[in-house]
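Dear colleague,

I am handing over the structure below, and I would be grateful if you could read the notes that follow alongside it.

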Amino acid sequence: MLQLNVNGQLHELDIDPDTPLLWALRDHLHLYGTKYGCGIGLCGSCTVHIDHKAVRACLVTAADVSGKAVTTIEGLAPDSEPVQLAWQAFQVPQCGYCQPGMIMASVALLRDKPSPTDADIDAAITNICRCGTYNRVRQAIHAAAAGKKEGADV
Amino acid sequence: MSESFKLTRRAFLVRSGVAGAGLLLGFHLPSRRKFAAAPVAGTEAAQPAEVNAWIEIHPDDSVLIRVARSEMGQGIFTALPMLVAEELDCDWGKVRAEYASASENRRRGEVYRSMSTGGSRSVRESNDYLRMAGAVAREMLVATAASQWKVPAEECRTADGIITHTPSGLTKRYGAVAAAAAQRQPPELVFLKEPDEWHLLGTPVQRLDIPDKIAGKPVFGADVNLPGMLHAAIRACPVFGGKLRQHDAAAIAKRPGVVQVVALDDAVAVVAESWWQAQQALLDLPVTWDEAGNGAVADADIRASLEAGLVAEEAVVMAEHGKPDSAFASPAQQVEATFYAPYLAHATMEPMTCTAAVHSDGRVEVWVPTQNASASLEAAARTAGVDPLSVEVHNTQLGGGFGRRGTSQDFTEQAVRIAKQVGRPVKLLWSREEDTQHDFYRPASMARLTAALNDKGHLTGLRARVAAPSILTSLGMKASDGSDPIALQGLADTFYAVPHLRTDYALRTLHVPVGFWRSVNHSQNAYFREHFIDQVARAAGQDPYRFRLDLLKEAPKQRAVLQAVAEQAGWDKPLAKNTFRGIAVETSYGSHCAQVVEVRVNDDRSFQLLRVVCAIDPGHVVNPDTIAAQVESAITYGLTAALFGDITISKGRVQQGNFDDYPMLTLRQMPLVETRIVASGDFWGGMGEPPLPPVTPALCNALYAATGKPINSLPLSAHGLRPA
């Protein structure tokens, strides 16, 4: 029996410990905001936080994260999270499929670097978006950083 | 604010024969929500009222607008409701959108018309009947209020969901009269607003789907969850056209979670309690295939077939004017180039998926991210062998479409087949590798373009031969005379004033399935033509922008976007060291688009994409922010293909599988996109595709300016040209 701490809730799961966290979240906890895109850690659609760091959930197993704090897109507060407010203001998403991963990667970036440079964003946001939201992702991260600093709404 | 029956408005006969059945909006057809009983006085407010098939008005004044096209990121879940709401004069802040049902569409006499979402057609094809649906509903609401007040309807006006009797100042809310209005006969004649009366269209309203999308809430196809549902992973014969010969189900039968192995004609699926269990077992399932004689086909064979097409006798002339043969008899100068564009996969972020339930009573349900819910319905009915009226299609959100999820419903057919054998609801999800290797690819193409110039450097003759597989023929949609009306998009219909022109087409029959890839044949043909024009301009010793302007004397719209983009990009301004520009223009799917790409080229042939400036004329503007987003989107999609896109064939199968060998443009490589909307306002053009075709030739033209060497085959990575 594995114990998973997801979005502050403890879950007991009777699953193969090698199950990737991505599939534990989706098929066992029915948290579908974390998406499958490639399964090899390249696209970032499955990005979640493990102890506040951005991690690709297809590359870690459920057993790996036992005892750690997992946060998914469902665990953010969209009405107050600066990144999500900026995403709304800049109308970032198109199809939306990659966006939970983009948002999770961006929230983690701003936790590490509250005022990221373009180079910081380039290095941290390696998620793939086929709709082409990249320009707006960059703008929204800068806006979220500015909003956070001023403590004001984006 | 708008007054009713304003005579400057364009009048539309709602049920006239002018546009044939095209204007039959089904206002009299029975609703799926039952309003058969006349409302009892005082209770009207208890229920939402379907004023017509598109519009449901609730007692709290909220308005539900149904959308028959698919939202795949392009913004029509907002744009199409805007068209309805503009004429309805409702409060936009109270508008919600939901998918129209394909099943209802069938039951109600195609009341929602086409559900096909491709060819950038959503706005340009449905704007008239959606605006009319809003106008008709508004008339019914006004007539209801006027009759309750016992005043002439002409004395009433509407705004923000409120009807005002102008002389008395009396008001009624839409929600208060909707139930009674729904019982009225629709008007025979409605008036649509003139563009200068629009208050919603043309404004950058926020998209209705974004609040859910930033919270991770939308249900994509892959997110469907049903009671008792099982998960399927699938592997189809890696060689196109092949069949399943043998598989050893016993080898994986005892694996944890595995429920069943399902054999299909050309594929095998493992059904399990979770998708990961199914996929892991599938990877270990011993399978042998009948490769149908295609197991030795390699890229060299495909190239040879295309090359043979360049000189084949049996080509079909698709467009000809002037005397092309005499133009080439003794030109002052002749320029020729031969081009190649590879197969491309769609690579939607969400791989192909469909969930199906085949019920014991003969009903079939599918939950599917589809670009054409009606096509999904037909595919499910055909596959299950049931009457289409027994099929319910539940549209989900789409994790991208780009042409992959429309005409070809292979994923729907597979899910229904599997669910039928399993007897429980099954969610089929393809792995990324399966998705890359079983696409309907943008056709690999070759083209030979020849230009004749006179002694003044004017283009007098143009010949273009295209050798490529035919999408329409391969989908069984075209006759066998070797022609294909869309194969020469961008070449046969060129807007350049060339006195003598011939374009012809040599259909190639190859075993790789081809399909509609965002902007379809414009994507490669515009690259051929526009990169060639730069080569011709150079031969003529002319600036490529001015060379094009001269050829656009009779094409004012294309000329306007070209001038706009040149001005915005500062075409005549000097560039920084090692920085170069390229320009291109194309008309596709009803809109005109020109782009300038700026690159900085390094000594090692790597380059930075600095910016892409885009001028676009879509005619009328529904939502300018959506236009900007679609420009950014199409440019990203086009650049990705130009830089990296290369599906290659060996042993009859696709060699690429995932984003490691079929790479995508990332944020770090993405240029700044600047969009200038040059709306001429006298037509309705498309938006999802038109900004794509110019970007590849504009980029190639910039690199040509930098290196002096044309880039007559794609992708750029094959030439050692890579973004830094």
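In what follows, two residues are in contact if their C-beta atoms, placed from the backbone, lie within 7 Å. Axes are lines fitted to C-alpha atoms, for helices over the stretch in contact, with angles running from 0 to 180 degrees between N-to-C directions. Helices (H or I, at least four residues) and strands (E, at least two) are DSSP runs, numbered from the N terminus, and two strands pair if DSSP finds at least two bridges between them.

This is a predicted model, in which local features need pLDDT of at least 70 and side-chain atom pairs count only at pLDDT 80 or more, while totals for chains, interfaces and linings use all residues. Residues are numbered from 1 along each chain as its sequence is written, and chains are lettered from A and ligands numbered from 1 in the order in which they are written.

In chain B, five strands form an open sheet of mixed pairing in the order β16-β24-β23-β22-β17. Because β16 (316-321) and β17 (333-341) of chain B each have a single partner strand, they stand at the edges, with one side left without a neighbour in the sheet. On average, neighbouring strands of this sheet are turned by 10° against each other, direction ignored. β17(B) runs antiparallel to β22 (residues 445-453) of chain B, with nine bridges joining them, and Y340(B) stands opposite M446(B) in β22(B). Helix α7 (residues 299-311) of chain B lies across β17, β22, β23 (459-468) and β24 (500-507) of chain B, at about 30° to β22(B).

In chain A, β3 (residues 47-50) and β4 (residues 53-56) are antiparallel and joined by four bridges, forming a hairpin with two residues between them.

Best regards
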